[in-house]
Amino acid sequence: MKYAYFPGCSLHSTGVEYDISSKIVAEKLGIELKELPDWNCCGATVGHTSGKLLGLALPGRNLAIAEKEGLDVMAPCASCYSRMKAAEVAAKTNEETRAKMVEIMEMDYQGKVGAKSALDVFIKDAGLNNVKAMVARPLNGMKVACYYGCLLVKPLETGCDDAENPMLMDNLINTLGGEAVDWPFKTECCGGSLAVPRTKIVLKLVNDILSMAEANGAEAIATACPLCMVNLDMRQQEINQHAGTNHHMPIFYFTELMAIAFGEPTAKVGAAKHFNSTAEVLAKYNLR
């Protein structure tokens, strides 16, 4: 299997652990990732608010480049995936919109290739049986709350397996030998890009998510979104100071847990770089 790889603005910077672990997992599963040439920002933060067509043309240009390569695009970032999927759906379902996108992009896109999330590629396409065959160091019952956030389940027509109660990541964690906890906040919004202009809102939302995960017995949270990772991981100390809580929840990219279960050292996959230490929970399950 081969995919065009779209790192977006975050996987080469704040989400570098996601980039590292995704490439390790791809190699282990025999998946070739070819970085998309001359890619541009998907416009997640401003494109779709500055104008609907611009918000489709920005991600659409990346799809047009991938179409020339004859490859579907793997976009690990949930925001990038959501914007690209929206552009794909718009182009495939509305010829007038597609024609306007092509005019803005000055590139043709026929909708012959599309966007896939990292969950799609590493779970649906690779298959859980193949994932299970690669497990060299099981998670040994680690209790993990799978946090999808609000973007992976959209657009509703082509999002995750279930918009309200997705199970892709849960099934993966169980396959890796962990225990995916049952909790009701797996698709709640963390506040996303409101982190700077509306910090107090984000602190409340993240506090609610962390508290619910803890209340349901989670020892760690797995996510598939760089912005969710930043909010959940970086803001715990600030929340503790403002709300009098005592959050010290380890946050992982799901690909980090995959790579660790596949036998890779923790330091190599990036899990030692997080704001909240992952060392204690990994040591508890002999996963250092």
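Reply: Happy to! Four strands make up an open sheet, in the order 2-1-3-4, with parallel pairing. Its edges are strand 2 (32-35) and strand 4 (115-116), each of which pairs on one side only. Pairing here requires that DSSP finds at least two bridges between two strands; strands (E, at least two residues) and helices (H or I, at least four) are DSSP runs numbered from the N terminus. This is a predicted model, where local features need pLDDT of at least 70 and side-chain atom pairs count only at pLDDT 80 or more, while totals for chains, interfaces and linings use all residues. Residues are numbered from 1 along each chain as its sequence is written, and side-chain values use heavy atoms, leaving out hydrogens and water.

Strand 3 (residues 73-74) joins strand 4 in the parallel sense over two bridges, and Val73 has Ala115 of strand 4 as its bridge partner.

Now the aromatic side: the whole structure holds four aromatic pairs (Phe, Tyr or Trp rings, the six-membered one for Trp, with centres within 6.5 Å; stacked under 30 degrees between planes, edge-to-face over 60, tilted otherwise). Tyr18 and Tyr253 are stacked, at 4.4 Å centre to centre and 10° between the planes. This pair links helix 1 (residues 16-28) to strand 8 (residues 251-253), 235 residues apart.
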